[in-house]
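Trainee: I would like to learn how to read a predicted model. Could we go through it together, one feature at a time?

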Amino acid sequence: MKVDIGIEEQERQKIAQGLSRLLADTYTLYLKTHNFHWNVTGPMFRTLHLMFEQQYNELALAVDLIAERIRTLGFPAPGTYSDYAKLSSITETLGVPKAEDMIRLLVEGQEAVVRTARSVFPITEKVNDEPTADLLTQRMQVHEKTAWMLRSLLEG
C-alpha cells in the first residue's frame, strides 16, 4: 500500500537513507559501549562500568526508535552487521583498550552520531518532516550531553 503522509517518495527515501546511517552509527556505538562495559578495568572500574551500562541501555532503546521511523517512512530498516559495517562512520575497536582510551573512543563515537544526525536535517527541513526532525534533535541532545560527560572524566 502506498505511503501518503505528505512527503514525496523520493524525499522519504533520502531521509530513510540518512536515518539508516544514523541507525548504523547508533548500533555500532551500542556494541562498542557494551564491549567496553564488559571489559573495563582499573581504578575507575565501578564508575565506568555503571556509566557504560546506562549508555548502552539508552542506545538500545534509540536503535528501535530510529528503525521504526525508517519503517514509518515506508522503507526497510537495515538490520545486519554487514549493513552497519557499510553504513557506519564509527570504526570497530579491536582488542581491549585501557579505560582512558575507552573514554576517548566513546567521545569520538558520540560526536560521530551527532554529526550523522545533523547531516540529515537539511532534507527534513526542506520537506517539513517534523517527526524526523524531532527525533534527530532528541538524539543530538543525548549524544552531545553524553560526549560532554565522558570528556569531563578526562579533564583535571
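Trainee: Which helices each supply at least two residues of the lining of the largest pocket?

Mentor: They are H1 and helix H3 (81-87). Helices are DSSP runs of H or I with at least four residues, numbered from the N terminus. A pocket is an open set of points on a 1 Å grid over the protein atoms alone, where a 1.4 Å probe fits, with protein on both sides within 12 Å along at least five of seven lines; lining residues have an atom within 4 Å of a point. H1 gives the most to this lining, with seven residues.

Mentor: Some background: this is a predicted model, in which local features need pLDDT of at least 70 and side-chain atom pairs count only at pLDDT 80 or more, while totals for chains, interfaces and linings use all residues. Residues are numbered from 1 along each chain as its sequence is written, and side-chain values use heavy atoms, leaving out hydrogens and water.

Trainee: What kinds of residues make up the lining of the largest pocket?

Mentor: Seven are nonpolar, six polar and two charged. Here Ala, Val, Leu, Ile, Met, Phe, Trp, Tyr, Cys and Pro count as nonpolar, Asp, Glu, Lys and Arg as charged, and the others, Gly among them, as polar.

Trainee: At what angle do the axes of H1 and H5 cross?

Mentor: The axes of H1 (residues 9-39) and H5 (residues 130-154) cross at roughly 25° and come within 12 Å. H1 is therefore roughly parallel to H5. Axes are lines fitted to C-alpha atoms over the stretch in contact, with angles from 0 to 180 degrees between N-to-C directions; under 35 degrees counts as roughly parallel, over 145 as roughly antiparallel.

Trainee: Which residues make that contact between H1 and H5?

Mentor: H1 brings Ile15, Leu19, Leu22 and Leu29, and H5 brings Thr132, Leu135, Leu136 and His143. Contact means heavy atoms within 4.5 Å. Six of these residues are nonpolar, two are polar and none is charged.

Trainee: Is H1 roughly parallel or roughly antiparallel to H2?

Mentor: Their axes come within 8 Å and cross at roughly 160°, so H1 is roughly antiparallel to H2. Their contact holds 17 nonpolar, seven polar and two charged residues.

Trainee: How do the axes of H2 and H4 lie?

Mentor: The axes of H2 (residues 45-72) and H4 (residues 99-126) come within 12 Å and cross at roughly 20°, which means that H2 is roughly parallel to H4. Leu48, Phe52 and Gln55 of H2 meet Ala99, Met102, Ile103, Leu106 and Gln110 of H4. This contact has six nonpolar residues, two polar and no charged.

Note on methods:
Angles under 35 degrees count as roughly parallel, over 145 as roughly antiparallel, 65 to 115 as roughly perpendicular and the rest as oblique.
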